[in-house]
Amino acid sequence: MDYLILDSAGNAVACFEDEVKARATVHAIVAVEPEAADSLVLLAYDEDGLPVGNAVRAVDVPPAFEITTQDVFQALLKPVQAMKLPDWTQMVPDWAQTKTFKTLPVWEPSPETARA
Amino acid sequence: MCSLSRCQTAPMESEPEQTELAEGEVLVVYRIVRTADSESPEFAGSFKSSWELGLPPRGRERTYPLIRRGVSVWETQEAAIRTALSYPQIGHYVAELRLTRETGATYYRWEKPSGHLTIWGDALNLASSAVDTICVDKGSENKSGLPNTG
């Protein structure tokens, strides 16, 4: 799919293969020149060069990036994830790392206790 | 015998190179226009570039001002008709142009979308090269033979 930006005279201003780039460009133009919001449209074309759907006025072009709740959490967690945490194994004394523990016998009730 | 134009495509990463028509070459393109009356000033006005119309430069027109001095046309009637139906504000008619070297027009074929060209030339000369104009208005009789969309 190709995305063509047309002006109010029907002349092409720019074309993109990437929809996000096309939308970002439309918004960038409108950010600098707000009056362009009413005079530019974005139109999608298929591989055969035929338009798909109706032209979308610049003012109605969806934002290039949508921020979800998950994006916000990821952004907040990123600095925490980037923190270099200490290696806790280095803080365990050598004797604790090498010592082997005997397995204690499992308690079982005596036959008398079990009968009672 | 005339041959239809063929040219190289080029990416829009630099100022577009204008291609001149060869002797005997005929380039058939379709332009969306605001009226079918070829005698009307509005008809010739439909061939004016954004620069001639005094529209401010937008997007790549700033980087490549040559684009702003040309007009968009389509290689196929279907693409022009469907574009007019998708964006009716620019016109309800599609004019068929037969450009020759004598027209004095040059052109640039965009890499994308397929079949889209920018042509440069005097608006009156371009208008006089129109051989046929059809109405594509959704509300009126569809003379194009294409199904109405939308």
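Reading along the sequence, chain A runs β-β-α-β-β-α-α-α, where helices (H or I, at least four residues) and strands (E, at least two) are DSSP runs numbered from the N terminus. That comes to four helices and four strands. Keep in mind that this is a predicted model: local features need pLDDT of at least 70, side-chain atom pairs count only at pLDDT 80 or more, and totals for chains, interfaces and linings use all residues. As for labels, residues are numbered from 1 along each chain as its sequence is written, while chains are lettered from A and ligands numbered from 1 in the order in which they are written.

**Chain A on its own**
- Chain A has 116 residues, and 28% of them are buried; a residue is buried if 20 or more other C-beta atoms, placed from the backbone, lie within 10 Å of its own.
- Take the contacts in chain A with a separation of 6 or more: 36% of them link residues 24 or more positions apart. Two residues are in contact if their C-beta atoms, placed from the backbone, lie within 7 Å.

**Chain B on its own**
- Chain B brings five helices and eight strands, in the order β-β-β-α-α-α-β-α-β-β-β-α-β.
- Of its 150 residues, 39% count as buried.
- For chain B, residues 24 or more positions apart make up 67% of the contacts with a separation of 6 or more.

**Where the chains meet**
- On chain A, 30 residues are in contact with 30 residues of chain B.
- Strand E1 (2-6), strand E2 (12-16), helix H1 (19-32), strand E3 (41-45) and strand E4 (51-57) of chain A each give two or more residues to the side that touches chain B.
- By class, that side of chain A has 17 nonpolar, seven polar and six charged residues. Here Ala, Val, Leu, Ile, Met, Phe, Trp, Tyr, Cys and Pro count as nonpolar, Asp, Glu, Lys and Arg as charged, and the others, Gly among them, as polar.

**A mostly covered helix**
- Helix H4 (residues 77-86) of chain B is mostly covered, with eight of its 10 residues buried.
- Among those buried in H4(B) are B:Ala79, B:Ile81, B:Arg82 and B:Leu85.
- The buried residues of H4(B) pack against E3 and E4 of chain A, together with strand E3 (25-33), strand E4 (71-74) and strand E5 (93-99) of chain B.

**A cis peptide bond**
- Most peptide bonds are trans.
- The bond joining B:Lys112 and B:Pro113 is cis, with omega about -10°.
- You'll find B:Pro113 in the loop between strand E6 (106-109) and strand E7 (116-120) of chain B.

Note on methods
A residue is buried if 20 or more other C-beta atoms lie within 10 Å of its own, exposed if 12 or fewer, and partly exposed in between; C-beta atoms are placed from the backbone.
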